[in-house]
Amino acid sequence: MLTDSGRVSVEEAAERLDVSQATIRRDFDQLAQQQMITRTRGGAVANGVSYDLPLRYKTAKHSAEKQRIGAAAAALVTPGTVVGLNGGTTSTEVARALAVRPDLNTSAEGAQLTVVTNALNIANELLVRSRMKVVVAGGVVRPKSFELVGPLGGALLREVTLDVALLGVDAVDPQLGAAAHHEGEAAMNNLMVARAKRVVIIADSSKLGGHAFARICPVDRVETLVTDSGAATEVVEAFRAAGVNVICA
């Protein structure tokens with residue numbers, strides 16, 4: 001609610017969420033201690049970094065769309081290939097969909113899927129659910145996204161070749177290309193793009209036509225965009241006119 005409107009009163013939040021005002025006050029106090037919000041008289045306002053909420057607070061946003069996108073993106077992966085996967089809530093759904101595909105979890109020689117990721121939560125999703133080969137890029141952890149960034153991870157990515165990079169983004173535009181809010185994440189994603197034969201952008205419709213601070217890659221480097229059925233027709237057609245294959249899950 002705070003991300004959408006920027007300011008919420010205790011009374012409004014209690015009514016919309018069907019809980020007591022005392023509960024809302026306690027929640028506001030806890031979020032203020034985590035420096036997620038600023039308390040005001042009778043309510044709260046979102047802090048300036050609210051666009052980059054920690055991953056655990058973003059999982060419910062557009063969750064149904066992200067699950068459909070995850071399944072559709074995972075369907076593009078074939079056994080025995082090397083897949084690059086970055087962090088984020090949509091990428092997490094891709095990882096979960098990959099992990100439950102029996103044809104990707106066989107131990108037969110040559111059929112095992114290899115996933116290269118710079119996100120600790122993605123590696124965990126795959127390790128506890130599957131028998132895939134998981135390669136984790138090094139670097140410094142960003143607590144908000146669980147992604148590893150910096151030159152340590154870049155050194156590894158420059159030494160591998162990816163059959164396909166499946167990348168979640170903060171924004172993707174038919175003219176501006178794909179982008180992220182954080183320049184460190186964008187740099188790691190850009191390296192994955194450089195090492196990939198195919199690039200697939202995974203983004204729910206709220207991220208289409210938007211812009212973010214740091215560019216990941218131009219649109220002509222994107223082979224496929226996987227989004228949800230809520231994407232506006234004119235935006236989808238603009239991507240197709242730019243040569244991008246669009247899948248609306």
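## Thr-92 and its surroundings

Two residues are in contact here when they have heavy atoms within 4.5 Å. By that rule, and leaving out residues up to four places away in sequence, Thr-92 touches Asn-121, Ile-122 and Glu-125. The model you are looking at is predicted, so local features need pLDDT of at least 70 and side-chain atom pairs count only at pLDDT 80 or more, while totals for chains, interfaces and linings use all residues. Residues are numbered from 1 along each chain as its sequence is written, and side-chain values use heavy atoms, with hydrogens and water left out.

Thr-92 sits in helix 6, residues 89-99. Helices (H or I, at least four residues) and strands (E, at least two) are DSSP runs, numbered from the N terminus. With a relative accessible area of 8%, Thr-92 is buried; buried means under 20% relative accessible area, exposed over 50%, and partly exposed in between (1.4 Å probe, protein chains only). A polar atom of the Thr-92 side chain lies 2.8 Å from the backbone oxygen of Gly-88.

Side chains of opposite charge can pair when their charged atoms come close. A salt bridge is counted when a side-chain nitrogen of Lys or Arg is within 4 Å of a carboxyl oxygen of Asp or Glu, and by this rule there are eight salt bridges.

What is the distance between the closest N and O atoms of Arg-96 and Glu-125? They are 3.0 Å apart, in a salt bridge. Arg-96 is in helix 6 and Glu-125 in helix 7 (residues 120-129), so this pair ties together parts that are 29 residues apart in sequence.

Because Arg-142 belongs to strand 7 (residues 140-142) and Glu-185 to helix 9 (residues 183-195), the pair ties together parts 43 residues apart in sequence. Both Arg-142 and Glu-185 are buried.

Next comes the salt bridge of Glu-223 with Arg-198, whose closest N and O atoms are 3.1 Å apart. Glu-223 lies in the loop between strand 13 (214-217) and strand 14 (224-227), and Arg-198 in strand 12 (residues 196-202), so the pair links distant parts of the chain, 25 residues apart. Glu-223 is partly exposed, with a relative accessible area of 33%, and Arg-198 is partly exposed at 28%.

Terms used
A polar contact is a pair of N or O atoms within 3.5 Å; within protein, one must be able to donate a hydrogen and the other to accept it, and residues adjacent in sequence count only if both atoms are side-chain atoms.
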